Amino acid sequence: MFGRGPGKLKNPLPIQADDGSLSRMINSAGRVNLTLLQRIAQAVAREDFVSFMQKPVLAGSAIHQGNLAARRELTSREMNRTILFEPLEDSRESVSVSDSLKYAIYPLFKGVHATTAPNFIFIGRIDTNDFIMPDYPISRQHAVIEIKRDGYLLRDCGSTNGTFLNCTRLEKKLVPLSDKDMVSFAGYEFAFLQPDSLFSMLAEKS
């Protein structure tokens, strides 16, 4: 069970690092609930959080820009729902999709819903991908992250609006990812964060 230091939540969260909890927290869109993950980060020691996460994440722009305290209170339904790509009749729905991606956390970890090859994370607009980003600018299969023993490699899949690493547009060539790299898919910006860096962003009291 996670350890707790002074000032942590009174009731420990019933999550262990080796019991598969993280995979069960990942929904069918490839995300984990931000509010729950923030609660965990604020309730446990840094080393326990790092041990629990194990893998890096892609964190939406509002998270890595430090806007958690000022965020709009998105419900768990908004944060975690899977939205199939289809014509949007109400522009407010498009805003909701865009907003939810700003606060999304995609662990580079296969959830229980995953059906793709174990060493690849596919990113795209439709529900055959591991990370689903259901907005028009995102291509059906936009990019892929290959998982290696010594790291993570990102490649664009010929997307229309491009994949960018630290503001440089990628071609169909694998490039390594490093902690705190900035990755953009058609204008949606994410930070590639190792667990220790993610903890630093989430553990601060809002």
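Axes here are lines fitted to C-alpha atoms, for helices over the stretch in contact, and angles between N-to-C directions run from 0 to 180 degrees. The model is a predicted one.

**First stop: helices α2 and α3**

Select residues 34-43, helix α2, together with residues 46-53, helix α3. Their axes lie 8 Å apart and form an angle of about 140°. Angles over 145 degrees would count as roughly antiparallel and 65 to 115 as roughly perpendicular; α2 is therefore oblique to α3. Which residues make the contact between α2 and α3? From α2, display Leu-37, Ile-40 and Ala-41; from α3, display Phe-49, Phe-52 and Met-53. By class, this contact comprises six nonpolar residues, with no polar and no charged ones.

**Second stop: helix α7**

Proceed to residues 195-203, which form helix α7. Its buried residues are Pro-195, Ser-197, Leu-198, Phe-199, Leu-202 and Ala-203. They pack against α2 and α3, and also against β1 (57-60), α4 (61-64), β2 (105-107) and β11 (188-193).

Select the open sheet of six strands, whose order is β2-β1-β11-β10-β7-β8 with antiparallel pairing. Its edge strands are β2 and β8 (168-169), each of which pairs on one side only. At the β2 end, β1 and β2 run antiparallel and are joined by three bridges. Within that pairing, Ala-59 has Ile-105 of β2 as its bridge partner. Helix α7 packs on this sheet, where it touches β1, β2 and β11, and its direction makes about 115° with that of β11.

Next, select residues 143-148, strand β5. Five of its six residues are buried, so the strand is largely enclosed by the rest of the structure. Strand β5 pairs with β3 in the antiparallel sense over four bridges, and Ile-123 stands opposite Ala-143 of β5. Strand β6 (residues 151-156) also runs antiparallel to β5, through six bridges. Here Val-144 stands opposite Arg-155 of β6. A hairpin of two residues joins β5 to β6.

Display Lys-148 and Glu-146, whose side chains meet in a salt bridge at 3.0 Å, N to O. Lys-148 is partly exposed, with a relative accessible area of 39%, whereas Glu-146 is buried at 13%.

Finally, display Lys-110 and Asp-130, whose side chains meet in a salt bridge at 3.0 Å, N to O. Lys-110 lies in the loop between β2 and β3 (120-124), and Asp-130 in the loop between β3 and β4 (131-132), so the pair ties together parts that are 20 residues apart in sequence. Asp-130 has a relative accessible area of 10% and is buried.

Definitions and conventions:
Residues are numbered from 1 along each chain as its sequence is written. This is a predicted model: local features need pLDDT of at least 70, side-chain atom pairs count only at pLDDT 80 or more; totals for chains, interfaces and linings use all residues. Side-chain values use heavy atoms; hydrogens and water are left out. Angles under 35 degrees count as roughly parallel, over 145 as roughly antiparallel, 65 to 115 as roughly perpendicular and the rest as oblique. Contact means heavy atoms within 4.5 Å. Ala, Val, Leu, Ile, Met, Phe, Trp, Tyr, Cys and Pro count as nonpolar, Asp, Glu, Lys and Arg as charged, and the others, Gly among them, as polar. Buried means under 20% relative accessible area, exposed over 50%, partly exposed in between (1.4 Å probe, protein chains only). A salt bridge is a side-chain nitrogen of Lys or Arg within 4 Å of a carboxyl oxygen of Asp or Glu. Two strands pair if DSSP finds at least two bridges between them.
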